[in-house]
Amino acid sequence: MQIGEVVREEAPEAGQSRFQAPSARLIHWLMGLLMVYVIVRSVVAAAMTPFWFDELLTLTVSRLPNLKAVWGALSRALDSPPPGFYVVEREFIGLLQNKHIALRLASILAFPCTLLCVFVYVKKRSGEAIGLICALLLLLTSLFHYHAFEARPYSMEIACVAIALVCYQRVPSPFWTVMLSLSLMLAESFHYYAVFTMMPFGVAEFTYYLWARRFRWPVWVALALGPAPLLFFWPLISKLREYYGAHPWAHYSLSSIPLTYGSFFMTGGALGFALVAVCATGVVGARLLPKEEESNGSIGRDPAEASLLLTLLLLPFPTALAIHLFHGMMVHRFVLASILGVALSLACVMTLARGRVVLIFAIFVLSTITLHEFTFWRSAHPLRLENPASPVEALVQKAGLTDLPVVISDGNTYLQMAYYASPDSKKKFFFLEDEQKAVQYAGADSVDKGVQVLQSYVPLQVEPLSEFIAAHRTFLFEVEDNPTLGLTWLPGYLQAEASSVQLVGADGTRKIYLITMKENSSQ
């Protein structure tokens with residue numbers, strides 16, 4: 001049976017039949033326990049993890065009094081996700097007193113939904129055991145270790161794409177066709193770049209048309225409606241391009257793609273790319289070059305599903321090309337949906353393998369997860385939030401220069417200081433903005449522009465560089481080693497313009513300098 005033709009539950013493929021798996025009932029119980037575990041684990045991680053820059057933007061916009069105010073803030077380019085994301089966040093933020101959990105709760109609940117969808121999709125062709133292994137594989141990805149408890153739209157977007165995959169596997173049933181359309185529209189309402197995740201579905205359906213000579217117009221209508229929210233949100237996208245487009249902080253090219261695959265599994269680009277090559281080979285072998293068996297005839301031949309999985313697996317390539325053509329911005333997390341392609345494609349690899357090989361791979365996945373989780377729970381023993389402002393406050397106090405203002409080197413750190421620092425420290429912490437010098441020294445002005453908009457909604461001590469230097473010829477400067485390229489320009493500027501740079505405190509990678517500016521310093 002081909003993808004999109006639902007008549008009955010398929011028998012496991014040949015590779016699965018050689019794998020002596022536990023009973024389906026036991027696997028279903030294990031799957032349920034896994035979903036409960038990831039929720040508990042993500043709640044603990046959320047409670048212990050401070051908000052970072054983007055999450056503080058989420059908090060700011062979600063706290064606005066109504067959706068009209070949210071639209072107004074987004075039309076000023078305060079944040080990049082579509083309004084649909086904030087509709088959800090506004091519903092969750094008031095559910096719990098702990099904002100670190102409440103603001104992240106939607107993402108926390110979305111991840112087990114993704115696990116379930118991967119399991120359901122895989123078990124239809126490869127059986128429950130391989131479905132469970134593929135679901136477990138997601139616990140080794142950045143989707144679980146970072147985005148599953150992050151107050152950003154990625155976990156919700158990927159959950160919608162996973163639902164869409166299950167729906168597409170069951171079209172042209174009217175119910176599943178409608179659900180396919182709704183899940184794709186919802187994904188687009190959470191993140192603008194979700195439009196690229198719809199490409200695999202279009203390629204698969206076109207392949208189905210060429211192979212089966214059947215034009216399923218309801219499916220095409222469902223796919224066409226997926227990007228519809230873009231039309232409604234286009235004024236917001238245009239404003240983002242207008243405001244940040246000239247000098248974005250992130251630059252992406254085809255050479256970045258191996259690093260993207262590596263980031264999915266928190267490893268190097270070479271290893272990540274090698275895994276993708278194995279997955280692609282497995283899809284070709286299992287879906288385009290099937291074996292022949294006497295009992296089943298041709299097993300697994302399905303060019304449409306092969307197109308779906310291969311395009312999803314290789315999603316960073318067309319996305320990077322489109323971003324290059326339209327001069328957009330891209331980072332690794334914008335194509336997280338490709339992780340689903342890896343998980344589903346590995347099911348194809350396992351169906352081609354002998355049972356013992358599948359068992360060895362399952363043991364490898366379980367042992368790696370166990371190691372990761374042991375490390376997490378060991379570090380989580382105190383079960384308390386580590387205040388990111390405390391180390392900076394301690395360094396300033398230790399330096400004994402508490403009467404001087406403290407300039408924070410980059411916007412991410414400053415925003416955390418403004419949120420977590422004590423009231424007295426907040427009065428001393430400053431962020432300096434200068435768009436021209438940001439471009440001159442860092443090649444990007446996104447952070448400076450973003451903070452300028454943000455200070456209209458949050459009380460911040462953000463001052464133009466020239467005004468601050470005129471009022472303070474001597475000040476403290478906080479900086480971390482190896483700052484992210486494009487996010488901070490002050491170290492380069494101060495190295496060129498300061499008459500004296502004296503180290504007065506250090507703690508690991510964080511340092512505090514006493515800065516004295518030249519009398520004729522550039523302003």
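The model is a predicted one, in which local features need pLDDT of at least 70 and side-chain atom pairs count only at pLDDT 80 or more, while totals for chains, interfaces and linings use all residues. Residues are numbered from 1 along each chain as its sequence is written, and side-chain values use heavy atoms, with hydrogens and water left out.

Select Tyr441 and Tyr493, whose ring centres are 5.9 Å apart with planes at 85°, so the pair is edge-to-face (rings of Phe, Tyr and Trp, the last by its six-membered ring, pair if their centres lie within 6.5 Å; planes under 30 degrees apart count as stacked, over 60 as edge-to-face and the rest as tilted). Tyr441 belongs to helix 24 (residues 435-442) and Tyr493 to helix 27 (residues 490-497), so that the pair links parts of the chain 52 residues apart (helices, H or I of at least four residues, and strands, E of at least two, are DSSP runs numbered from the N terminus). Tyr493 is buried at a relative accessible area of 0%, whereas Tyr441, at 30%, is partly exposed (buried means under 20% relative accessible area, exposed over 50%, partly exposed in between, with a 1.4 Å probe and protein chains only).
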